[in-house]
Amino acid sequence: MHGMEWVKNVNGDARAAYALTLMEKVMSTIEIYEWYPMVREAINMCWEWVEEKKHSGDELYETVDNEDEDGLIYIEGLSFIGDNAYGPQAEYVWSCAVDAVLYTARQAYESEQDYYPQPVEIVTDEYIDEEFMGKMKKIERFQEKWAERLKQYLLENYPAGSEKKIKREEMIDLI
């Protein structure tokens with residue numbers, strides 16, 4: 001299946017798990033930075049939503065953007081400009097993390113209500129296919145075969161309408 005066709009044939013959990021699993025494979029790129037724990041916590045919360053619906057769309061969204069200005073979008077202002085820039089690899093991973101969290105928040109919002117904040121609205125299935133995957137492919141550790149294997153597995157095991165629970169470990173072990 002080309003482009004986003006596959007997404008229409010899997011459930012919302014599988015959509016979120018796709019982005020989160022790919023994130024897990026590239027997270028080590030940013031482990032050396034002081035902001036890594038923030039990213040790690042946001043991704044963990046997303047997995048908790050996938051596995052047990054533990055957080056609301058609002059709670060996930062607030063890990064990215066909130067009134068305290070300690071969400072993931074505020075890392076960008078601190079880190080990617082000037083002499084102490086972290087470099088493009090870290091920026092791609094950070095940006096993909098923001099996308100993955102917003103995409104998971106979108107799945108959460110869709111299961112709760114019809115409304116979501118504008119930044120979440122932008123992160124559609126097509127956005128994940130084009131923008132997120134475009135950045136993912138620029139990360140040196142990334143391997144295209146991971147995405148293909150994941151898509152196939154999700155299609156076979158988590159079809160649209162399926163209530164089957166996804167487990168983080170199972171997804172990460174797959175690739």
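**H1 and H8**

I looked up which residues bring helix H1 and helix H8 together, taking contact as heavy atoms within 4.5 Å. Ala 14, Tyr 18, Thr 21, Leu 22, Lys 25 and Val 26 of H1 meet Trp 146, Ala 147, Leu 150, Lys 151 and Leu 154 of H8. I note that this is a predicted model, in which local features need pLDDT of at least 70 and side-chain atom pairs count only at pLDDT 80 or more, while totals for chains, interfaces and linings use all residues. Residues are numbered from 1 along each chain as its sequence is written, and side-chain values use heavy atoms, with hydrogens and water left out.

I took helices as DSSP runs of H or I with at least four residues, numbered from the N terminus. The axes of H1 and H8 come within 10 Å and cross at roughly 150°; axes are lines fitted to C-alpha atoms over the stretch in contact, with angles from 0 to 180 degrees between N-to-C directions. The two helices, H1 and H8, are therefore roughly antiparallel, a term for angles over 145 degrees, as roughly parallel is for those under 35.

**H8 itself**

I checked the length of H8 (residues 144-157): its 14 residues should span 20 Å at 1.5 Å a residue, and the end C-alpha atoms are 20 Å apart, which agrees. The expected span is 1.5 Å times one less than the number of residues. Trp 146, Ala 147, Leu 150, Lys 151, Tyr 153 and Leu 154 of H8 are buried, that is, under 20% relative accessible area with a 1.4 Å probe and protein chains only. These buried residues pack against H1 (12-26), H7 (125-136) and H9 (168-174).

**H2 and H5**

I then turned to H2 (residues 36-52) and H5 (residues 88-112), whose axes come within 10 Å and cross at roughly 30°. That makes H2 roughly parallel to H5. Their crossing is left-handed. In H2, Val 39, Ala 42, Ile 43, Cys 46 and Trp 49 meet residues of H5, including Ala 97, Ala 100, Val 101 and Thr 104.

**Cysteines**

I searched the whole structure for disulfides, defined as pairs of cysteine sulfur atoms within 2.5 Å, and found zero. Cys 46 is in no disulfide, and the nearest cysteine sulfur, that of Cys 96, is 14 Å away. That distance is too far for a bond. Cys 46 is buried, at 0% relative accessible area, and Cys 96 likewise counts as buried at 0%.

Conventions
Buried < 20%, exposed > 50% of the residue type's maximum accessible area, 1.4 Å probe, protein only. Parallel < 35°, antiparallel > 145°, perpendicular 65-115°, else oblique. Left-handed = near helix turned anticlockwise from the far one by under 90°.
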